[in-house]
Amino acid sequence: MNNIKKNRLLDQVFKYWGIACTFLGLVLLAIFIGSILVDGIQRIDWDFITSLPSRKAERAGIYTALMGSVWILFFTTI
(Lines give C-alpha, C1' and ligand atoms only; values in the text may rest on other atoms or scores of the structure.)
Protein backbone atom coordinates (compact mmCIF):
# COMPACT_ATOMS: atom_id res chain seq x y z
CA MET A 1 0.00 0.00 0.00
CA ASN A 2 1.54 3.28 -1.04
CA ASN A 3 1.31 6.54 0.89
CA ILE A 4 -1.58 7.98 -1.14
CA LYS A 5 -3.87 5.01 -0.49
CA LYS A 6 -2.84 4.93 3.16
CA ASN A 7 -3.61 8.65 3.56
CA ARG A 8 -7.00 8.27 1.85
CA LEU A 9 -7.88 5.37 4.14
CA LEU A 10 -6.86 7.40 7.19
CA ASP A 11 -8.93 10.33 5.91
CA GLN A 12 -12.00 8.11 5.55
CA VAL A 13 -11.50 6.59 9.01
CA PHE A 14 -11.09 10.06 10.53
CA LYS A 15 -14.20 11.33 8.71
CA TYR A 16 -16.40 8.53 10.00
CA TRP A 17 -14.90 8.76 13.48
CA GLY A 18 -15.68 12.50 13.52
CA ILE A 19 -19.25 11.91 12.34
CA ALA A 20 -19.77 9.23 15.01
CA CYS A 21 -18.40 11.47 17.77
CA THR A 22 -20.55 14.40 16.62
CA PHE A 23 -23.65 12.21 16.54
CA LEU A 24 -22.90 10.87 20.03
CA GLY A 25 -22.44 14.41 21.34
CA LEU A 26 -25.73 15.56 19.82
CA VAL A 27 -27.61 12.57 21.25
CA LEU A 28 -26.17 13.21 24.73
CA LEU A 29 -27.01 16.92 24.43
CA ALA A 30 -30.61 16.07 23.50
CA ILE A 31 -30.87 13.69 26.47
CA PHE A 32 -29.52 16.30 28.89
CA ILE A 33 -31.75 19.10 27.57
CA GLY A 34 -34.76 16.78 27.63
CA SER A 35 -34.03 15.81 31.22
CA ILE A 36 -33.70 19.45 32.25
CA LEU A 37 -36.94 20.37 30.51
CA VAL A 38 -38.88 17.48 32.05
CA ASP A 39 -37.67 18.34 35.56
CA GLY A 40 -37.81 22.12 35.22
CA ILE A 41 -40.92 22.87 33.17
CA GLN A 42 -43.14 21.99 36.15
CA ARG A 43 -41.53 24.69 38.29
CA ILE A 44 -41.83 27.57 35.83
CA ASP A 45 -44.99 29.65 36.20
CA TRP A 46 -45.92 33.31 35.84
CA ASP A 47 -45.04 34.12 39.46
CA PHE A 48 -41.55 32.69 38.99
CA ILE A 49 -40.95 34.91 35.97
CA THR A 50 -42.37 38.11 37.48
CA SER A 51 -41.14 37.80 41.09
CA LEU A 52 -38.01 39.42 42.43
CA PRO A 53 -35.17 37.38 43.91
CA SER A 54 -35.77 36.22 47.46
CA ARG A 55 -33.97 34.24 50.13
CA LYS A 56 -37.00 31.98 50.40
CA ALA A 57 -37.01 29.49 47.55
CA GLU A 58 -40.79 29.35 47.20
CA ARG A 59 -40.96 33.13 46.64
CA ALA A 60 -37.85 33.54 44.49
CA GLY A 61 -38.12 34.77 40.92
CA ILE A 62 -35.98 35.77 37.98
CA TYR A 63 -37.49 39.13 37.01
CA THR A 64 -34.37 41.24 37.53
CA ALA A 65 -32.11 38.77 35.73
CA LEU A 66 -34.58 38.50 32.86
CA MET A 67 -34.85 42.28 32.50
CA GLY A 68 -31.06 42.60 32.61
CA SER A 69 -30.78 40.10 29.77
CA VAL A 70 -33.45 41.94 27.78
CA TRP A 71 -31.61 45.26 28.24
CA ILE A 72 -28.31 43.74 27.17
CA LEU A 73 -29.92 42.25 24.06
CA PHE A 74 -31.62 45.57 23.31
CA PHE A 75 -28.41 47.60 23.55
CA THR A 76 -26.46 44.99 21.62
CA THR A 77 -29.03 45.17 18.83
CA ILE A 78 -28.69 48.95 18.66
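A helix, as the word is used here, is a DSSP run of H or I that is at least four residues long, while a strand is a run of E with at least two. With that in hand, let's look at this predicted model. How many helices and strands does the protein have? There are three helices and zero strands, and from the N terminus on the order is simply α-α-α.

Start with helix α1, which covers residues 3-40. Its 38 residues stretch 54 Å from the first C-alpha to the last, close to the 56 Å expected at 1.5 Å a residue. Is α1 buried or in the open? Here "buried" stands for under 20% relative accessible area. The number of buried residues in α1 is zero, so this helix lies largely in the open.

Now step back to the whole protein. Buried residues make up 3% of its 78 residues. The radius of gyration is 24 Å, whereas a compact globule of 78 residues would have one near 12 Å. Along the principal axes, the C-alpha atoms fill a box of roughly 70 × 35 × 20 Å.

What does the surface look like? The accessible surface comes to about 7400 Å², and carbon and sulfur atoms account for 70% of it. As for charge, the protein carries 8 positive and 5 negative side chains, and the centres of these two sets lie 17 Å apart.

Finally, consider the predictor's confidence. The mean pLDDT of the protein is 91, with 99% of the residues reaching 70 or more.

Note on methods. Residues are numbered from 1 along each chain as its sequence is written. This is a predicted model: local features need pLDDT of at least 70, side-chain atom pairs count only at pLDDT 80 or more; totals for chains, interfaces and linings use all residues. Side-chain values use heavy atoms; hydrogens and water are left out. The expected span of a helix is 1.5 Å times one less than its number of residues. Buried means under 20% relative accessible area, exposed over 50%, partly exposed in between (1.4 Å probe, protein chains only). The radius of gyration is taken over C-alpha atoms; the globule rule is 2.2 Å times the number of residues to the power 0.38. Accessible areas come from the Shrake-Rupley method with a 1.4 Å probe; for residues, only the protein chains shown count as cover. Lys and Arg count as positive and Asp and Glu as negative; His and the chain ends are not counted. The place of a charge is taken as NZ of Lys, CZ of Arg, CG of Asp or CD of Glu. pLDDT is the predictor's confidence in each residue, from 0 to 100.
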